[in-house]
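Hello,

Here is the structure we talked about handing over. My notes on it follow below.

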Amino acid sequence: MERVWAAYYLYMKNDILATGLLFFLLHEFMYFGRCIPWFIIDRTPYFKKYKIQPNNYPSNKEQWECTKSVLKSHFFVEALPIWFFHPICERIGVSYDVPFPSWKTIAVQITVFFFLEDAWHYWFHRGIHYGVFYKIIHKQHHRYAAPFGLAAEYAHPIEVMLLGFGTVGIPIVWCYFTRNLHLFTICIWITLRLFQAIDAHSGYEFPISLHHFFPLWAGADHHDEHHHHFIGNYASSFRVWDYFLDTEAGQTAKQTREKASKTKAEKAAKKNN
Ligand SMILES: [Zn+2]
Ligand SMILES: [Zn+2]
């Protein structure tokens, strides 16, 4: 991998072009590549028992329109800033030489990015659910009450930039302070974050889904509830923020909240008496 990486930069002769092209292609291949299995699963009756909203399948027309819109966003919103990525990385000291950092360093940094991105996503996603912001920015993403993989990046350009900062900007800020980050780590991080976002929109919950083994992980059922109820479950990767700030979505969470506020009101009334 290190040899291919070094040969690629040598072959391209232009580092700005090499990084820009690498990230553009990485994004396209990983995004659409990860969507293909979900597209097939949607057309395989066997998997219906795992569909979270079994009576709500996306039509071919909806999927096609979504694909066109996502492609438009990739080419017209993301393709331009991607060319500034290499100069920014160079300026703040993101390394792109070989050898790569150790797997341990890569794993630790990516874990940190997952938690930081989750916090960023929680607050800004919650923010764009507020009145006028929802109407102007976030309504587009909520077009599909039963999400599907391709809908992960179906969003208004402002939302793409705002929430995208959590994925691309956080590693840059991290490197600004630590001066310790490799471009290869960013490639792996972006790939894993794309997989997380697409899987969260897949609309499927399996007995082997990650959150059954790692209860902090949000997964598809968490984000599906968000699309279904239009409210609550604002975080991206973990369940922590929504749990502690009492913003969980769904009927059960709503009933628990109502019960808690009723008990609180009763206690207050007793105290006053
Ligand atoms: Zn939302
Ligand atoms: Zn969504």
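Proline 99 sits in the loop between helix H4 (85–92) and H5, where helices are DSSP runs of H or I with at least four residues, strands are runs of E with at least two, and both are numbered from the N terminus.

Before the rest, the ground rules. Residues are numbered from 1 along each chain as its sequence is written, and chains are lettered from A and ligands numbered from 1 in the order in which they are written. This is a predicted model, in which local features need pLDDT of at least 70 and side-chain atom pairs count only at pLDDT 80 or more, while totals for chains, interfaces and linings use all residues.

Confidence: pLDDT is the predictor's confidence in each residue, from 0 to 100. Its mean over the protein is 93, and 100% of the residues reach 70 or more. Helix H11 (residues 251–272) has the lowest confidence, with a mean of 76, and helix H5 (residues 103–127) the highest, at 98.

Overall build: the protein has eleven helices and zero strands. The C-alpha trace spans about 75 × 45 × 40 Å along its principal axes. The radius of gyration, taken over C-alpha atoms, is compared with a globule rule of 2.2 Å times the number of residues to the power 0.38. For 273 residues a compact globule would come near 19 Å, and the protein's 21 Å agrees with that. Buried residues make up 30% of the 273; buried means 20 or more other C-beta atoms within 10 Å of the residue's own, exposed means 12 or fewer, and partly exposed lies in between, with C-beta atoms placed from the backbone.

Backbone: most residues other than glycine have a negative phi, and most peptide bonds are trans. Arginine 179 has a positive phi of about 55° and is found in the loop between helix H7 (157–178) and helix H8 (183–200). Arginine 179 is exposed, because 11 other C-beta atoms lie within 10 Å. Phenylalanine 230 has a phi near 65° and lies in the loop between helix H9 (219–229) and helix H10 (240–244). With 13 C-beta neighbours inside 10 Å, phenylalanine 230 is partly exposed.

Interior: a nonpolar core is a set of buried Ala, Val, Leu, Ile, Met, Phe, Trp, Tyr and Cys residues joined through C-beta atoms within 7 Å. The largest has 23 residues, of which Leu150, Ala151 and Ala235 touch the most other members. Helix H2 (15–42), helix H3 (60–78) and H8 each give two or more residues to this core, and H8 gives the most, with four. A second, separate core of 13 residues includes Phe23, Cys175, Ile186 and Trp189.

Aspartate 224, in helix H9, is buried, with 26 C-beta neighbours inside 10 Å. Leaving aside residues up to four places away in sequence, aspartate 224 touches Ile52, Gln53, Pro147 and Gly203, a contact being two C-beta atoms, placed from the backbone, within 7 Å.

In the model, residues 20–41 are 100% helix, while residues 111–247 are 58% helix and 0% strand.

Regards
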